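Me: I've just opened this one and want a quick tour. Can you walk me through it?

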Amino acid sequence: MATPNRRETLRQQQQAAQAKQSRFTRIITIAVLALVVALVGVFVFVGIQAGKGKAEQVANAITPPNAAAGGIAINPGAPESAPEVVLYVDYQCPACRNFEDAFGGELATMAEDGEIRFSQVTMTFMDRNIGNDSSTRAANAAVCADQAGVYADYNTALFLNQTGGTDGFSAELLRDQLPSELGVTGEKLAQFQKCFDDNLGSQYVEDMSKSAYDSKVTSTPSLTVNGTAIDNSALTSLDALRDQIKALA
Amino acid sequence: MTRDWLDWVGLVARLILGGVLLVAGLLKVGSLGQSVLAVQAYQLLPYEMTFVIGYALPIVEIIVGLALLLGLFTRWSGLIGALMMVAFIIGISSAWTRGLSLDCGCFGGGGEISPEEAIAAYPLDIARDIGLALAGIWLTVRPESPFRLDSRLLQAGRVGL
């Protein structure tokens, strides 16, 4: 049997071992938690940066001259009394190309006749689906095209030049070919190309994505009349399109 | 020493909740842009926040999933897992009641789908998340389970982790 003295020594040894153990516990705990916080912090930071877009570095960013309804007006001179029709598109979305083929002409006619106040909001989510940046570059080019006064035609030409693959739009197409096809020359062409090269429309492109989100539009093509979305499946013919617009006007 | 059978329930809860979280996180972490789109489809958060959640959620799922599988900070990992499941249940139910047709985006993917597919998937998604939430609650209340790093490395009982 141990003497009281001996028992005391044993107890002290046990306490020391426990203290050491709890120190070890604390160090491991703090190290693991610090690692976790750092890792999550990095992802949150990158997410915040992604949410801001790449636009904030752009100096001399432009707002398109015909900015309207969170997007760009096709017929800026339309009467105030006409219903506000907004088309949400992504230049790389194949269904948007089909929509343009089927209804683009009719909507353009209605816009020209002043029956609707027609504008378009360009989204860029297809970049994230496809893994390139063509939607963003094309959207930026379209903002520049508005500055050059050829937004509607540039817009149509983009859809006609959709490749359907993952290559997207070449810089040559966006920067040289399309403007020259649309008769943009001289001083105007130089301004367009500077706008394209310096991404001067990128802030507005980001604003358009935010505007679409705030309007609860998450897929393209989406057509709204005075803020109410038309169900795409109801758009079976040009007459159906006119009827749907009239019903919500 | 024989183990209480309840300990084995804890192990099953850890493996199921941890395994599902780890897989869900790994499937999403490679395409964070998609993850943001999946969050945006719910139309619940301000635009900027959808990026923060879209980027942070997959890595949090991986960390909590690993912690549960290893049995590290079991009580807290279980609690976080359960809270995440409650958030997912709220998100999916809210999308359902608002008439949105979306893929929950739980394991990658996400975004809008046909109403028929969505209506068919919502009850199953919610039932799965309720089951996972229960696993998390179990571990919060009773983290004891075999093969737990807590008890080996950290003497969990003594410091109350």
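**Disulfides and beyond**

Reply: Let's start with a cysteine pair. The link of C144(A) and C195(A) is left-handed, with -80° about the S-S bond. This is a predicted model, by the way.

Me: Which parts does the pair C144(A) and C195(A) tie together?

Reply: C144(A) lies in helix α4 (residues 134-147) of chain A and C195(A) in helix α7 (residues 186-197) of chain A, so the link ties together parts that are 51 residues apart in sequence. The S to S distance is 2.0 Å.

Me: Are C144(A) and C195(A) buried or exposed?

Reply: Both C144(A) and C195(A) are buried.

Me: How many disulfides does the structure hold over all chains?

Reply: The structure holds 3 disulfides over all chains. One of them joins C93(A) to C96(A), with S to S at 2.3 Å. That link of C93(A) and C96(A) is right-handed, at 90° about the S-S bond. Both C93(A) and C96(A) are buried.

Me: And what do C104(B) and C106(B) form?

Reply: C104(B) and C106(B) form a disulfide, with their sulfur atoms 2.0 Å apart. C104(B) and C106(B) are buried.

Me: What pattern do the disulfides of chain A follow?

Reply: Counting bonded cysteines along the chain, the disulfides of chain A follow 1-2, 3-4.

Me: New topic. In what order do the strands of the sheet in chain A come?

Reply: The order is β1-β2-β4-β3-β5-β6 in chain A. These 6 strands form an open sheet, and the pairing is mixed.

Me: Which strands stand at the edges?

Reply: β1 (67-68) and β6 (228-229) of chain A do. Each has a single partner strand, so one side of each is left without a neighbour in the sheet.

Me: How do β3(A) and β4(A) pair?

Reply: β3(A) and β4(A) pair in the parallel sense, over 6 bridges. E84(A) stands opposite R117(A) in β4(A).

Me: And what joins β2(A) to β4(A)?

Reply: 2 bridges, and β2(A) and β4(A) run antiparallel. I72(A) stands opposite Q120(A) in β4(A).

Me: How many residues of β4(A) are buried?

Reply: 5 of the 6 residues of β4(A) are buried, so β4(A) is largely enclosed by the rest of the structure.

Me: Which strands does helix α8 of chain A lie across?

Reply: Helix α8 (residues 202-214) of chain A lies across β1, β2 (71-73), β3 (84-89) and β4 (117-122) of chain A. The helix runs at about 105° to β4(A).

Me: What about the loop between β5 and β6 of chain A?

Reply: N226(A) is in that loop. N226(A) has a positive phi of about 50°, although it is not a glycine. At 41% relative accessibility, N226(A) counts as partly exposed.

Me: Where is N199(A) found?

Reply: N199(A) is in the loop between α7 and α8 of chain A. Phi of N199(A) is near 55°, a positive value in a residue other than glycine. N199(A) is partly exposed, at 36% relative accessibility.

Me: What joins T220(A) and P221(A)?

Reply: A cis peptide bond, with omega about -5°. P221(A) is in the loop between α8 and β5 of chain A.

Me: Now the two chains. How many residues of chain A are in contact with chain B?

Reply: 28 residues of chain A are in contact with 31 residues of chain B. Chain A and chain B bury about 2,600 Å² between them, with 72% of that on carbon and sulfur atoms.

Me: Which residues in chain A lose the most area to chain B?

Reply: F43(A), R128(A) and Y213(A) do. Together they make up 28% of what that side buries.

Me: Last stop, chain B. Where does T140(B) lie?

Reply: T140(B) lies in helix α5 (residues 115-141) of chain B. A polar atom of the T140(B) side chain lies 2.7 Å from the backbone oxygen of G136(B). Leaving out residues up to four places away in sequence, T140(B) touches R75(B), G78(B) and L79(B).

Key
Residues are numbered from 1 along each chain as its sequence is written. Chains are lettered from A and ligands numbered from 1 in the order in which they are written. This is a predicted model: local features need pLDDT of at least 70, side-chain atom pairs count only at pLDDT 80 or more; totals for chains, interfaces and linings use all residues. Side-chain values use heavy atoms; hydrogens and water are left out. A disulfide is a pair of cysteine sulfur atoms within 2.5 Å. Buried means under 20% relative accessible area, exposed over 50%, partly exposed in between (1.4 Å probe, protein chains only). Helices (H or I, at least four residues) and strands (E, at least two) are DSSP runs, numbered from the N terminus. A polar contact is a pair of N or O atoms within 3.5 Å; within protein, one must be able to donate a hydrogen and the other to accept it, and residues adjacent in sequence count only if both atoms are side-chain atoms. Contact means heavy atoms within 4.5 Å. Two strands pair if DSSP finds at least two bridges between them. Axes are lines fitted to C-alpha atoms, for helices over the stretch in contact, and angles run from 0 to 180 degrees between N-to-C directions. Buried area is the accessible area (1.4 Å probe) that two parts lose on being put together, summed over both.
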